[in-house]
Amino acid sequence: MNQSKSLTSHGASITTPSHTTRGWISGFIGVAIFSGSLPATKLAISGFSPDYLTILRATIAGILALIVLIVLRQKIPARQNLIPLFIVTFGVVLGFPFLTAVALQYISSSHSIVYLGLLPLSTALFGVLRAGERPRKLFWLFSVMGSLFVIGFAILQGATHAWQGDLYMVIAVIVCGLGYAEGAVLSKSLGSWQVICWALVLALPIMLIFSILRLPSTFSTVPFEAWMGLGYVSLFSMLIGFFFWYRGLAEGGISGVSQLQLLQPFIGLVLSAWLLNETVNSIMIMSTLGVILCVAGSKRFSR
């Protein structure tokens with residue numbers, strides 16, 4: 001068989017190495033963009049409350065998404081796509097941003113980033129449930145081991161950090177994994193970048209209302225770095241990052257490209273140390289390595 005082409009089992013589609021490579025490149029760009037989300041959120045909450053930050057970032061991104069959809073003349077999604085879109089909205093537009101912003105009131109950005117090592121596993125677990133697959137026993141072994149690494153990390157760091165931050169991060173990873181998995185499945189029929197745009201538009205009406213109702217009397221006390229953080233999470237974390245991420249999943253394959261999330265904790269820890277002058281200690285590094293190894297093993301035996 002020609003190495004530049006491969007047919008599916010039904011001979012219906014052809015995948016070329018260049019097509020797959022573009023998917024991996026797009027996925028990596030998406031992961032790199034997402035890696036700055038928690039450090040940027042940490043900056044943003046220095047001037048905005050977690051709930052108002054969630055409202056503002058969703059409102060700004062939602063307006064931009066609506067403009068993109070109108071300019072590119074996208075058709076309104078079919079009725080059967082609405083529930084999956086609401087799930088994506090709940091997971092990645094509202095749930096993850098709000099929960100991480102609350103968590104970062106209790107813990108540092110570098111501390112929270114370790115939990116992102118569980119995000120590929122969370123996505124895989126919801127992918128298994130969504131697709132009805134039956135992973136091998138070793139998959140569940142690695143899943144438990146990865147969870148134990150995170151629990152151990154939380155216990156070892158417990159003397160200097162409030163447990164509430166750890167709890168919020170665990171819940172954030174769960175809802176984000178749900179949103180990622182549902183969005184990845186939906187992108188096959190709706191389109192890659194269209195998924196996040198429509199999810200943002202679904203949330204836009206209520207976000208606009210709350211942004212007005214919760215409007216503070218003045219923004220003069222908001223520091224410059226908080227505005228920078230808001231700009232990043234609104235434009236890149238909520239919108240542009242998903243353009244690359246869902247395109248990568250669609251072109252390179254969900255199971256393969258999703259493993260690129262394993263790089264996110266490493267990039268995030270470097271950004272936290274560089275931008276926020278936070279200390280990255282050996283416990284964080286070892287915990288991150290342990291989680292990544294376990295997630296890689298669980299992915300290996302997910303089928």
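This is a predicted model: local features need pLDDT of at least 70, side-chain atom pairs count only at pLDDT 80 or more; totals for chains, interfaces and linings use all residues.

Analyst: Residues are numbered from 1 along each chain as its sequence is written, and side-chain values use heavy atoms, with hydrogens and water left out.

User: How are helix 2 and helix 10 oriented to each other?

Analyst: Helices are DSSP runs (H or I, at least four residues), numbered from the N terminus. The axes, lines fitted to C-alpha atoms over the stretch in contact, have angles that run from 0 to 180 degrees between N-to-C directions. For helix 2 (residues 37-44) and helix 10 (residues 224-252), the axes come within 7 Å and cross at roughly 140 degrees. Angles under 35 degrees count as roughly parallel, over 145 as roughly antiparallel, 65 to 115 as roughly perpendicular and the rest as oblique, so helix 2 and helix 10 are oblique.

User: Which residues of helix 10 does helix 2 meet?

Analyst: Contact means heavy atoms within 4.5 Å. From helix 2, Ser37, Ala40, Thr41, Leu43 and Ala44 take part. Their partners in helix 10 are Glu225, Ala226, Gly229, Leu230, Tyr232, Val233 and Ser237.

User: How is helix 8 oriented to helix 9?

Analyst: The axes of helix 8 (residues 163-190) and helix 9 (residues 192-213) come within 7 Å, crossing at roughly 110 degrees. Helix 8 is therefore, relative to helix 9, roughly perpendicular.

User: Which residues of helix 9 meet helix 8?

Analyst: Helix 8 contributes Gly183, Leu186, Ser187 and Leu190. On the helix 9 side are Ser192, Gln194, Val195 and Trp198.

Terms used: Helices (H or I, at least four residues) and strands (E, at least two) are DSSP runs, numbered from the N terminus.
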